[in-house]
Amino acid sequence: MDMWDSKVVLMILEGVKGTLYMTLTSTFFGYVLGLPMGIILAITDKNGIKPNKIIYKILDVIVNIVRSVPFLILLILLIPFTRFIVGKSYGSTATIVPLTIAAAPFIARMIESSLNEVDKGVIEAAQSMGAGTFTIIWKVLLVEARTSLIAGATIATGTILGYSAMSGTVGGGGLGDIAVRYGYYRYEQGIMIVTVVLLILLVQIFQTIGTKVANVLDKRKV
């Protein structure tokens, strides 16, 4: 196959589009699930603003179990569930399901860690002024931890991008699928190299954007 054939170039561009679609959509849904989980973990911890040993332990176990399962195994285990949700178990859209489930506990743990870094004095000051739990979460914890949260989002996006590439081994779509089909099965080393370089570039782009946003929001550098 001609490396610079228009069909190959179009295929690679579609692969980039598919990878971005999977990564960004999965990151969004991962935060829809992971953000509340992370907040609940932080506030129900023994040092949180609403300690609750039972709730914390239940969520802690769920997060640890899902995070302990390698993504490829999780992807295969979730094939019946994925098929039930989207009607098929292959392709970019189908891959979003296991990507989201894999991402949510990872995101939850990072959010918990970020919120736990907030100065306890700031929280106590808010409590002394009569602020309720929701107000403290929304106006104190999330605001004070915003730089760390953005940094965590950058890490999460890069991790999910890596997972999306792994999904190519089972027809997940995107650049990972191209790398497996052409680089591995057909020994097209040129295509393999291009897909790897593009994946690296995408991670670097996400990293650069995340770092710049975090620096802008970091009031300590104002």
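Guide: From the N terminus on, the elements of the protein run α-α-α-α-α-α-α-α-α-α, which is to say that there are 10 helices and zero strands. The model you are looking at is a predicted one, and its C-alpha trace spans about 70 × 45 × 25 Å along the principal axes. Of the 222 residues in the protein, 42% are buried, and if you take the contacts between residues at least 6 apart in sequence, 72% of them join residues at least 24 apart.

The part to look at closely is helix 2, which covers residues 53–68 and has 16 residues. From its first C-alpha to its last, helix 2 reaches 22 Å, which is close to the 22 Å expected at 1.5 Å a residue.

Begin with the side of helix 2 that is hidden. The buried residues of this helix are Tyr-56, Leu-59, Asp-60 and Val-63. Seen down the axis of helix 2, these buried residues fall within an arc of 105°, so they line one face of the helix. As for what lies against them, the buried residues of helix 2 pack against helix 1, residues 6–44, and against helix 5, residues 92–116.

Now turn to the other side. The face of helix 2 turned away from its buried side carries the exposed residues Ile-54, Ile-65 and Ser-68. Two of these can be followed further. Ile-54 is found in helix 2 and has a relative accessible area of 64%, which is over the 50% cut-off, so Ile-54 counts as exposed. If you look from Ile-54 to Tyr-187, 133 residues apart along the chain, you will find their C-alpha atoms separated by 53 Å. Ser-68, whose place is also in helix 2, is exposed with a relative accessible area of 58%. The C-alpha atoms of Ser-68 and Leu-202, 134 residues apart along the chain, are separated by 26 Å.

Pro-51 is exposed, with a relative accessible area of 52%. Not counting residues up to four places away in sequence, Pro-51 touches Ile-43, Thr-44, Asp-45 and Lys-46. The C-alpha atoms of Pro-51 and Ile-85, 34 residues apart along the chain, are separated by 35 Å.

Helix 8, residues 146–166, and helix 10, residues 189–217, pack at an angle of about 170°, with their axes 8 Å apart. That angle is over 145 degrees, so helix 8 is roughly antiparallel to helix 10. By class, the contact of helix 8 with helix 10 has 10 nonpolar, six polar and one charged residues.

To return to the helix you asked about, keep its two sides in view together: Tyr-56, Leu-59, Asp-60 and Val-63 are buried, whereas Ile-54, Ile-65 and Ser-68 are exposed on the face turned away from them.

Conventions:
Residues numbered from 1 in each chain as written. Predicted model: local features only at pLDDT ≥ 70, side-chain atom pairs only at ≥ 80, totals over all residues. Heavy atoms only, no water. Helix = DSSP H or I, 4+ residues; strand = E, 2+ residues; numbered from the N terminus. Expected span 1.5 Å × (residues − 1). Buried < 20%, exposed > 50% of the residue type's maximum accessible area, 1.4 Å probe, protein only. Arc of directions from axis to C-beta. Contact = heavy atoms within 4.5 Å. Axes fitted to C-alpha atoms, helices over the stretch in contact; angles between N-to-C directions. Parallel < 35°, antiparallel > 145°, perpendicular 65-115°, else oblique. Nonpolar A, V, L, I, M, F, W, Y, C, P; charged D, E, K, R; others polar.
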